[in-house]
Amino acid sequence: MADALGTQWAAAGHELMITGRTAGKAQALASKWGARAGGSREVAEFADVALIAVLYQGMAGTLAAIGDALRDKPIIDCNNPVEVEHFTLVTPPGRSMAQDIEQATGGHVVKAFNLCHARVWQMRPPVFDHRSLVVPYCGDDQAALQTTRQLITDIGCDPLPVGDLRHAHHLEAMAAIMISLLYGGHDAHTVFNLVDHAVVPASA
C-alpha cells in the first residue's frame, strides 16, 4: 500500500518521507520516489500528514515507535483489522482500528484507501467501466478530511465522505468482505464502486 500510494503521490508532486520495519526496503522506496527514509519518530515529526500502512499484527509496535509525534496532525489509516481464517474483525464490537490509532497518537485520523488491493492504487488513474473509482472516507476533523480529499483527488479518484470516525468500523467491515472475495479467487482489481443510474431519454 505504501509503495502504490506513495508512488502516485510522488508523481503528483508531494514531498515524501518513509519509514518501515526493514530499513533497506524503506530506503529502496525512498530512492524510487526521490524521497528520504528515516526512523518512525523522525518521519512522524517531518510529516504534515501521515499514512499508516502496516499489518494489524504490527500496529501496536508501530504506534509505540511513533509515540506522540503525530499529535494534532492528520493521519490516514488504510489498515484493516481482519483475520483471514473466518474473515472477521479482530477489534471489539463497534470499535474500529482508526479509533484506536487516534486514541494512541492524539492525531486526527481519517479512514480511507482500505477497500482495495494495492494493485488498484497502482492504476493511473483507477478507472472502472469508464468511471473514476469512488473512495469512501470518514473522520472528525475538517482539516484532516480536506487533506485526505485532496490526496484522493490527486490519484484520479472521486472522494466520497461517509460520516464521522464512528463509521470507520463499517468501512473495516466492508473490507472484511472484500478480503474474503480476494482470498476466494477474485481478481486483485475487484472493487466496490458507487455507480449512479444513467438517465437515458426515451426514444421519440
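View 1. With 32% relative accessibility, Phe 192 counts as partly exposed (buried is under 20% relative accessible area, exposed over 50%, partly exposed in between, with a 1.4 Å probe and protein chains only). This is a predicted model, where local features need pLDDT of at least 70, side-chain atom pairs count only at pLDDT 80 or more, and totals for chains, interfaces and linings use all residues. Residues are numbered from 1 along each chain as its sequence is written, and side-chain values use heavy atoms, leaving out hydrogens and water. Look for Phe 192 in the segment after helix 8 (168–183); helices are DSSP runs of H or I with at least four residues, strands runs of E with at least two, both numbered from the N terminus.

**View 2. A salt bridge between Arg 41 and Asp 68.** Here the two side chains meet at 2.7 Å, N to O (a salt bridge is a side-chain nitrogen of Lys or Arg within 4 Å of a carboxyl oxygen of Asp or Glu). Arg 41 sits in helix 3 (residues 40–46) and Asp 68 in the loop between helix 4 (59–66) and strand 4 (74–77), so the pair ties together parts 27 residues apart in sequence. Arg 41 is partly exposed at 37% relative accessibility, and Asp 68 likewise at 42%.

**View 3. Glu 172 and Lys 111, a buried pair.** Their closest N and O atoms are 2.7 Å apart in a salt bridge. Glu 172 belongs to helix 8 and Lys 111 to strand 7 (residues 108–111), 61 residues apart. Both Glu 172 and Lys 111 are buried.
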